[in-house]
Amino acid sequence: MTTIRVGAAPETYSGKGLYFSGESAEATRAELAVDEAAGTLAMRLPDGTRIDWALASLRRVRDQAGGDLMVLRQADDPVARLVLSATEDQRILLARAPNLHRAPKVDGKRKLFAWAGAAVASVALMIFVLIPLLANNLAAVLPPAGERALGQTTFEQIRTALDDSGLQPVPVCENPEGLAALDKIGETLFPDEVEGFDLTVSVLDHEMVNAFALPGGYVVFFRGLLEAAESPDEVAAVYAHEVGHVVARDPARIALRSAGSIGVLGLLLGDFAGGAVVLFLAERIIQADYSQEAEAAADAFAFDVMNAAGRPASAMADFFDRLRAEYGDEPAIVQHFLAHPAMIDRIEAARAAQPADLDPAPLLSDAEWAALRDVCSD
Amino acid sequence: MFWRGQRGTLFWLALKTGALTILTLGFYRFWMKTRLRRWYWSAIRPDGLPLEYVGQPVEKLMGFLIAVVVLAFYLGVVNLILMFVSFSLLAAPGAGYALSFVGVIPLWFYARYRARRYVLARTRWRGIRFGVLAGAWGYAMRALVWWLGTIVTLGLLHPKMRFALEKFRIDRTVWGSVQLEQGGSARMLYPHFAHVMIGLFLTLAPLIDAVNAVSGLADASGTGRLFLMLLVGVPWLIYGLVRYDVMGRKVMANAIRTSGAGGGIGFDAAPRTARMVRIVVLGNIARLFGAMIPVLVFTIAIGAVIAASGMDAGVLDSPFDLLMLGNGPVPGWALLGLLGLAYFGTFLMWSVLTHVFLTMPVLRHYVETLTLTGADTVGAVVQRDRDEFAEAEGFAEALDVGAAI
């Protein structure tokens with residue numbers, strides 16, 4: 001075993017290295033010694049020049065392959081290098097140079113933080129200001145055919161994104177009697193055509209308790225919502241509310257906004273999570289993160305429609321009260337409403353204002369209601 | 001040239017840095033790239049002296065941030081407008097996607113050139129910097145035109161394009177005071193490209209024939225002969241592609257001339273196609289099987305737990321149903337964690353084994369079969385100025401077209 005002597009008489013150390021000045025490609029043989037008094041590694045070149053590197057300033061170039069060479073540099077000199085090939089020399093320097101394994105100083109940290117700030121600001125500006133602004137204005141001038149195509153595309157994306165099995169999109173329920181019952185609700189609520197829109201109402205075979213609207217007149221219920229509802233009027237109230245969003249073109253705004261955001265977020269997350277971004281945004285569309293004003297307008301629309309059709313607007317209040325009691329605050333649709341407590345107050349108000357003698361005939365017959373709730377079985 | 005560097009050390013370095021990248025949600029990848037490049041560069045020893053990679057992780061991070069600032073605008077606003085135009089004029093998203101894709105292509109070439117410039121600007125040999133002269137937009141425009149021509153001629157122009165673009169890059173490459181220049185012409189690539197064409201013909205002709213036979217356009221009597229043709233055609237195509245790649249590099253490297261103070265260096269490359277075919281085939285088999293290990297481990301573990309808890313595996317609809325396996329010897333959340341490990345472990349293993357069984361052997365073969373000629377003049381080479389490069393390889397990183405390493 002080799003003993004490395006420190007302290008007394010270390011000047012006996014002498015080694016050899018290859019010195020590169022960083023000015024020319026010349027490899028210069030250097031005789032090495034440790035100058036104990038000055039605390040330096042002294043390199044003597046063939047032409048007689050002596051170069052001193054402070055032991056404390058020595059850094060080893062890291063992550064080197066082969067394990068045979070030790071490449072040394074000074075902390076504050078970016079170009080000059082000393083290459084040691086003898087194991088003995090390497091061992092002695094490992095013992096004598098105290099900061100060999102420290103990383104060389106990184107400069108320009110302030111610049112880095114400035115760019116990091118700029119990057120965060122520009123992404124935030126895009127996602128929270130520019131894209132919504134642009135999307136809102138563009139949604140207003142999107143022609144009906146284009147809006148329908150946008151809705152169709154988004155619908156397919158959502159069906160794919162919600163699928164757990166990874167095999168096929170979430171199926172659309174097609175039981176004809178159930179769909180006929182759904183149509184009957186639609187005809188009761190909207191005896192005349194909804195102006196400018198060709199409504200397409202579908203049910204997705206998924207247990208989520210929710211419903212959402214898409215651009216171009218698509219209204220989509222989840223099976224879970226139909227199963228959680230206890231009367232056709234509750235389904236009708238949700239139906240009217242979603243049509244309220246369609247008429248206000250809220251979904252077109254959200255869909256355009258997400259088309260812009262996908263690019264920006266995908267850029268940030270890199271190849272790490274391409275699919276997750278789409279999933280996340282699809283989720284956002286379903287959760288329908290509309291503004292408070294948009295929700296209020298959709299609600300007002302729904303109350304008007306329910307009243308005009310002679311149906312109890314309070315059905316919505318009943319439905320949400322029960323969902324909260326039954327599931328807690330967890331279902332997405334409840335969360336959605338919890339975000340706007342004022343709306344619940346308004347629903348309460350609507351319930352109070354509703355004529356006490358309103359006792360309409362059932363919206364659907366028992367058979368129709370059963371068929372609607374069974375729309376996902378063939 | 002020598003190669004010094006073992007699979008084992010590379011494996012641990014790639015595994016460690018890859019795991020950190022996953023744990024930091026991708027943030028560590030700038031450090032990972034830097035450290036792997038340091039390793040690869042230092043394994044390459046022209047004339048016995050290692051190359052050094054001096055790029056910094058922090059400058060890569062900053063370059064990425066700069067690219068984000070610029071691209072956030074482009075990707076956000078331009079995509080949104082393209083989608084709008086596409087939906088309002090054509091009522092379909094296809095044109096919007098296509099246009100936004102086409103819009104990125106020039107940027108893609110630009111980013112590739114800039115990334116190469118950055119990497120070479122941070123590469124040194126004998127303490128002297130390499131460098132690439134400016135020209136990214138010129139490169140992008142030429143690449144666009146060449147690719148268009150190549151597609152129009154069904155690939156026949158590919159050797160011409162390859163030569164022209166490589167010449168553009170090499171003619172702008174320097175090492176200290178030494179200027180590189182690509183000599184020769186596209187003619188030296190065509191003999192090797194011919195094998196790609198033969199393989200392509202032998203593969204496509206029977207396929208087209210088979211499609212015709214199935215659709216009733218031709219009689220199916222020659223099916224056996226067609227099958228034989230395919231049996232020859234596919235290996236020939238693979239061989240042709242590898243040969244065109246490897247031999248193309250060889251003849252191009254041998255035609256490089258150098259000038260300037262200390263010039264006179266030349267290359268004598270002798271890589272072998274057969275060896276490269278073996279590396280590629282065995283390497284792909286190795287990484288495929290290696291990446292399956294985490295999946296296998298998990299499958300066995302979860303199978304054992306399900307069997308032990310006497311549960312019906314059919315009730316597991318989604319991974320989160322594992323949480324219900326509470327009464328078994330292993331809690332459900334631990335199984336879910338194991339599933340996560342298997343998922344990321346598979347990706348990690350794949351990328352680590354790609355380094356160990358493909359990137360490294362390929363690079364090593366090129367290095368070991370390359371001889372530097374006229375290296376006795378290199379002492380006269382003098383340093384060039386540092387190429388400050390604020391955006392590093394940020395665009396390539398953001399657009400996901402980074403270098404192989």
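Good morning. I begin with chain B, whose secondary structure comes to eleven helices and ten strands. Please keep in mind throughout that this is a predicted model. Of the 405 residues of chain B, 34% count as buried. If we take the contacts in chain B between residues at least 6 apart in sequence, 71% of them join residues at least 24 apart.

Let me turn to the helices of this chain. Helix 1 and helix 2 of chain B pack with their axes 8 Å apart, at an angle of about 170 degrees. Because an angle over 145 degrees counts as roughly antiparallel, helix 1 of chain B is described as roughly antiparallel to helix 2 of chain B. Helix 1 of chain B contributes L10(B), L13(B), A14(B), T17(B), G18(B), L20(B) and T21(B) to the contact, while helix 2 of chain B contributes R29(B), W31(B), M32(B), R35(B), L36(B) and W39(B). By class, this contact has eight nonpolar, three polar and two charged residues.

We come next to the contact between the two chains. Chain A brings 53 residues to it, and chain B brings 51. On the side of chain B that touches chain A, at least two residues each come from helix 1 (7–23), helix 2 (29–43) and helix 3 (57–90) of chain B. Which helix of chain B gives the most to that side? The answer is helix 3 of chain B, with 19 residues. Sorted by class, the side of chain B that touches chain A has 30 nonpolar, 14 polar and seven charged residues.

In soluble globular proteins, nonpolar side chains tend to be buried together. The largest nonpolar core here has 83 residues, and L256(A) and V68(B) are those with the most contacts inside it. Helix 3 of chain B gives the most to this core, with 14 residues. Leaving aside residues up to four places away in sequence, L256(A) touches A135(A), L138(A) and A139(A) in chain A, and L80(B), M83(B) and F84(B) in chain B.

I now move to the sheets of chain A. Seven strands form an open sheet in the order 4-3-2-1-7-6-5, with antiparallel pairing. At its edges are strand 4 (50–54) and strand 5 (58–60) of chain A, each pairing on one side only. From one strand to the next, the twist averages 35 degrees. Within this sheet, strand 6 (residues 70–74) and strand 7 (residues 77–84) of chain A run antiparallel and are joined by four bridges. V71(A) has V83(A), in strand 7 of chain A, as its bridge partner.

Chain A also has an open sheet of three strands, in the order 8-10-9, with mixed pairing. Its edge strands are strand 8 (200–204) and strand 9 (211–214) of chain A. Here the twist averages 20 degrees from one strand to the next. Strand 9 of chain A pairs with strand 10 (residues 218–222) of chain A in the antiparallel sense, over four bridges, and F212(A) stands opposite V220(A) in strand 10 of chain A. Helix 3 (residues 144–161) of chain A lies across strand 8, strand 9 and strand 10 of chain A, running at about 145 degrees to strand 9 of chain A.

G22(A) is found between strand 1 (15–20) and strand 2 (28–35) of chain A. G22(A) is partly exposed, having 18 other C-beta atoms within 10 Å. Although G22(A) and A80(A) are 58 residues apart in sequence, they are 4.7 Å apart in space, C-alpha to C-alpha. Not counting residues up to four places away in sequence, G22(A) touches V79(A) and A80(A), and also G127(B) and Q383(B).

R249(A) sits in the loop between helix 6 (232–248) and helix 7 (250–269) of chain A, and L154(B) in the loop between helix 5 (136–152) and helix 6 (158–170) of chain B. Is each of them buried or exposed? R249(A) counts as buried because it has 20 C-beta neighbours inside 10 Å. L154(B), with 10 C-beta neighbours inside 10 Å, counts as exposed. Thank you for your attention.

Terms used
Residues numbered from 1 in each chain as written. Chains lettered and ligands numbered in written order. Predicted model: local features only at pLDDT ≥ 70, side-chain atom pairs only at ≥ 80, totals over all residues. Pairing = 2+ DSSP bridges. Axes fitted to C-alpha atoms, helices over the stretch in contact; angles between N-to-C directions. Contact = placed C-beta atoms within 7 Å. Nonpolar A, V, L, I, M, F, W, Y, C, P; charged D, E, K, R; others polar. Parallel < 35°, antiparallel > 145°, perpendicular 65-115°, else oblique. Buried ≥ 20, exposed ≤ 12 C-beta atoms within 10 Å, placed from the backbone. Core = buried A, V, L, I, M, F, W, Y, C linked by C-beta atoms within 7 Å.
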